[in-house]
Amino acid sequence: MRKTIKDILKEAPGQKVDVKGWVRTRRGNKNVQFVALNDGSTINNLQIVFDLSKFSEEDLKPITTGSSIHVEGELVASQGSGQNVEVQAEKLEVYGTSPADYPLQKKGHSMEFLREKAHLRPRTNTFGAVLRIRHALAYAVHKFFNDRGFYYFHTPLITASDCEGAGAQFQVTTMPLNDLPKTEDGNIDYSKDFFGKMASLTVSGQLEGELGATALGLIYTFGPTFRAENSNTPRHLSEFWMIEPEMAFYEIDDNMNLAEEFIKYCVKYALDNCYDDIKFLNDHFDPELIDRLKFVIDNDFVRLSYGEGIEILEKSGKKFEFPVHWGVDLASEHERYLVEEHFKKPVILTDYPKEIKAFYMKLNDDGKTVRAMDVLFPKIGEIIGGSQREENYDKLMSRVKEMGLEGMDWYLDTRKYGTVPHSGFGLGFERLVLFVTGMQNIRDVIPFPRYPKACEY
Ligand code: ATP
Ligand code: MN
């Protein structure tokens with residue numbers, strides 16, 4: 001029976017093993033050949049030793065970088081440095097050869113090159129590490145919430161509501177685009193469309209999440225999210241995964257405490273469970289990565305208001321690309337100044353001007369600011385956006401009218417019938433993976449990235 005390399009590397013020498021994987025390298029001499037075998041279960045390769053008294057040159061010829069093989073043999077203590085055990089091959093089966101045009105022949109390909117080979121890049125050390133960490137973080141997300149009594153609540157991907165009241169959604173239609181049915185006044189007749197109305201891919205599950213929280217108490221969503229903004233940045237994808245907890249009876253401080261505890265938990269989970277992968281990324285790309293992760297776990301996040309943040313930015317004397325004053329939406333350069341240069345710690349910024357935040361956020365007594373909270377992270381900028389929600393029917397209704405939103409009755413019903421204070425936030429999963437892996441570009445922390453002009457596979 002096949003054992004994974006991850007498990008074999010923990011075994012004691014002196015037993016038969018059965019191993020299957022892809023060849024990373026082959027080297028050696030006339031007497032003995034060494035193959036570094038990887039099966040994706042771990043960043044570490046298993047060394048397979050072929051004694052040329054048992055195997056001919058001809059037998060070993062198909063073993064080239066990228067080929068796939070099955071080996072049976074004896075696990076022995078390794079003579080060489082770099083590994084404790086190795087396999088003395090007794091039987092070889094070649095599943096598939098890999099011709100010399102295999103794109104991943106040598107180490108140290110650029111990320112851009114590998115993005116063009118995104119169908120094969122999971123086979124590299126770097127992407128193997130990133131994808132295993134991604135998995136561990138996804139598991140940590142579910143474990144964190146499950147252990148705290150949250151219910152995983154599935155919100156729809158196809159929706160007729162636009163959460164933020166803004167555009168930037170991908171439309172979902174089955175109408176013929178070159179021959180659209182029109183109403184008498186010349187508009188597109190969506191009553192003829194599949195759902196009988198205009199539908200889009202979701203930009204957030206929050207509004208539906210609130211329906212869950214005001215019934216089940218504590219819920220979270222974790223699913224794909226789509227945004228059609230033309231943002232060609234290292235922090236935006238057109239398709240990404242978002243985690244959105246929503247909590248009945250939570251006020252803004254409870255919300256901040258949960259967000260901070262949640263991120264720290266996930267980072268710690270990755271460090272505890274993916275140390276080899278993180279160490280690899282630390283040693284090859286980002287020598288401060290492990291220190292940065294430990295720092296986040298060990299230190300309290302700074303909490304301050306948007307107003308205080310603006311003052312710090314104004315007094316900084318720094319020349320920002322986008323000028324800063326009370327009322328502007330913060331750009332990534334401002335967020336990163338606060339986090340990386342001023343406080344040198346993650347920051348939770350609260351109480352933003354209502355004009356730059358969504359309609360559902362709870363209005364403060366000053367009538368000017370809302371109970372929003374953004375968690376800002378080194379290298380990333382905004383990693384979480386959240387708020388306490390407006391639970392007062394009349395106040396929310398007047399915001400809905402101000403914004404000219406329609407078809408929100410179902411949402412307003414949560415305030416009409418048994419309204420409660422409640423809060424929630426959204427964490428962009430890829431931004432978390434970006435932080436934990438130290439990768440530079442969000443396109444490199446999801447297997448098949450979608451961004452403007454890129455939709456391969
Ligand atoms: P940004 O200002 O960085 O574009 P946002 O304020 O539009 O983000 P929110 O609507 O608050 O984002 O979404 C919640 C979280 O989802 C963000 O804090 C971020 O982590 C993540 N996120 C938002 N847009 C994207 C995107 N296009 N790609 C990846 N993650 C995203
Ligand atoms: Mn936001």
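**Burial and salt bridges in a predicted model**

User: Which class of accessibility does E72 fall into?

Analyst: In this predicted model, the relative accessible area of E72 is 28%. Buried means under 20% relative accessible area, exposed over 50% and partly exposed in between, with a 1.4 Å probe and protein chains only. Because its value is 28%, E72 is partly exposed.

User: What kind of model is this?

Analyst: Residues are numbered from 1 along each chain as its sequence is written, chains are lettered from A and ligands numbered from 1 in the order in which they are written, and side-chain values use heavy atoms, leaving out hydrogens and water. Local features need pLDDT of at least 70, side-chain atom pairs count only at pLDDT 80 or more, and totals for chains, interfaces and linings use all residues, for this is a model that is predicted.

User: How many salt bridges are there?

Analyst: A salt bridge is a side-chain nitrogen of Lys or Arg within 4 Å of a carboxyl oxygen of Asp or Glu. By this rule, the count is 28.

User: Which parts of the chain does the salt bridge between K91 and E72 tie together?

Analyst: The closest N and O atoms of K91 and E72 are 3.8 Å apart. K91 lies in strand 5 (residues 85-96) and E72 in strand 4 (residues 68-77), so the pair ties together parts 19 residues apart in sequence. Strands (E, at least two residues) and helices (H or I, at least four) are DSSP runs, numbered from the N terminus. The parts joined are therefore strand 5 and strand 4.

User: Which residue forms a salt bridge with R303?

Analyst: The closest N and O atoms of this pair are 3.1 Å apart. The pair links distant parts of the chain, 43 residues apart, with R303 in strand 12 (residues 302-305) and its partner in helix 6.

User: What is the N to O distance in the salt bridge of K3 and E11?

Analyst: K3 is partly exposed, with a relative accessible area of 31%, and E11 is also partly exposed, at 25%. Their side chains meet in a salt bridge, at an N to O distance of 2.8 Å.

User: What is the relative accessibility of N255?

Analyst: N255 is found in helix 6 (residues 252-273). Leaving aside neighbours within four places in sequence, N255 is in contact (heavy atoms within 4.5 Å) with residues including M247, Y250, M373 and F425. N255 counts as buried because its relative accessibility is 0%.
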